[in-house]
Amino acid sequence: IPRIAGGLGPERFGILALAWAAFGYTAVLHLGLGRAVARGAAGGTPGGAELRATVWTGLLMALVPAVAGTAALFALAPALARSLGLHGALAGEAALAFRVLACAVPFTVTAPVLSGVLEARRRFGVVNAVTVPGSLVTYLGPVAVLALARSPAPLVPVMAVLAAARVAMWIGFLLLCLREAPELRAGPTFHGGLARPLLRFGGWLSVSALVSPLLVYLDRFVVAGAVSAAAVAYYAAAQEVVVRAGMVSGAVVGVLFPAFAGVRPGDGRRLARLLESGVDAVLLLVVPLTLLLAAGAELLLRAWLGGAYAQQGAHLLAWFSVGLVVNGLAKMPATLLQGIGRPDLTARLHLAELPAFVLVLGAAIWAWGIEGAAVAWVARMTVDALGLYWLAWRQVPETRRGAARAAAVAAFAAVGVGALRLAEPPLLRGALLAVAAVALLWAAVGALHRRSADAGLPDAFGRAG
């Protein structure tokens, strides 16, 4: 990022940052059809005409809002450039860059439908083989362009590289789908009877996709308005570490979703075991990361951003690290509810949380400043987790034990973070980390023992097991 920002300058780098955000938020345009198709492919017959109809119908449906988004961005590109306060040659460069970006929107929007087919088949390795290089190009591509190009308008070739990467990822997903499911080679087909159930499932996911970023990032804008722009810099830097670390639990739910969707209706015991395996994964993968962040918050921020960020953001990072565990635990019942066909429950919960979060956030900032915002953020995560586990228990009563295990994991993480923050001498922190490592090792042995004793669980995971 320092190389890109230095090569582009502040205005062009700001435009590129908007493009990165746009790539993430265009996922809303596919109306949740990627996960809807993945659920249909995982829960239905393993192949044949039904799979072909589900995949092509979902892909063609996702193409409609994708093309509409492309046309809108292409037409509004000059107005968008002017709205950013750009003038002259830079405004023209930005408008052309936005139009180049628009050409990649259909591929970005429809790619989750194709990757959903591979995830439903538990082909996570080949999905990573496409997404990892594509994600690297998002950041390394601009660095390469700036090093090689001598263009007076470097933003356009940078955007072209990003767009080309999205197209290449789409082609890779398509070729892998055709290899994994040869029945798709028969060509596109549209079945109107599948459109309504796909849209019903995907529509609720779209509601969550619209509301969830507000719940995650709204606090930054409130801090900026209520405190200062400098305060939001310290706040966002600490929060961004935890938001990006959330990909660890995100990878777990990526595996669990097709497993949940593939469980036959009424088999609550299997669903509960899968949920518990997700909780174990959070304990063994996320809790150690959380404790390390809490213990080394000052060192991390000082090495990365300097002493001012370490002084202002260390306590914030400790609060956020607790939220990392709680949010990871919350993803497990949310994925279960989606896997059994009830995404409406998670969407309604998020809609209910939004106004309450705004009120609590304002009160906490007024009382405690930016640390109050971090407390409110963690409190919202906790309420979300409690609500999701309660909803999962209402749908699948057998998940009660998994909810109790999740509460124990969250309590262990919170106590560990608190103890590490109160322990000032480095030797004492090291001793506490050693004790936590022994406890986690003991938990890992217990989790593996439970997994080996459950003969049915590997079948639910398929190749992912």
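**Aromatic contacts**

Tyr 235, Phe 320 and Trp 377 are joined into a cluster by ring pairs, where rings of Phe, Tyr and Trp (its six-membered ring) pair if their centres lie within 6.5 Å, with planes under 30 degrees apart counted as stacked, over 60 as edge-to-face and the rest as tilted. The model is predicted, so that local features need pLDDT of at least 70 and side-chain atom pairs count only at pLDDT 80 or more, while totals for chains, interfaces and linings use all residues. Residues are numbered from 1 along each chain as its sequence is written, and side-chain values use heavy atoms, with hydrogens and water left out.

Across the whole structure, the search finds 3 aromatic pairs. In one of them, the ring centres of Phe 107 and Trp 170 are 5.5 Å apart and the planes stand at 80 degrees, which makes the pair edge-to-face. Because Phe 107 belongs to helix H6 (residues 105–120) and Trp 170 to helix H8 (residues 155–180), this pair ties together parts that are 63 residues apart in sequence; helices (H or I, at least four residues) are DSSP runs, numbered from the N terminus. Phe 107 is partly exposed, at a relative accessible area of 26%, whereas Trp 170, at 18%, is buried (buried means under 20% relative accessible area, exposed over 50%, and partly exposed in between, with a 1.4 Å probe and protein chains only).

Methods. Helix = DSSP H or I, 4+ residues; strand = E, 2+ residues; numbered from the N terminus.
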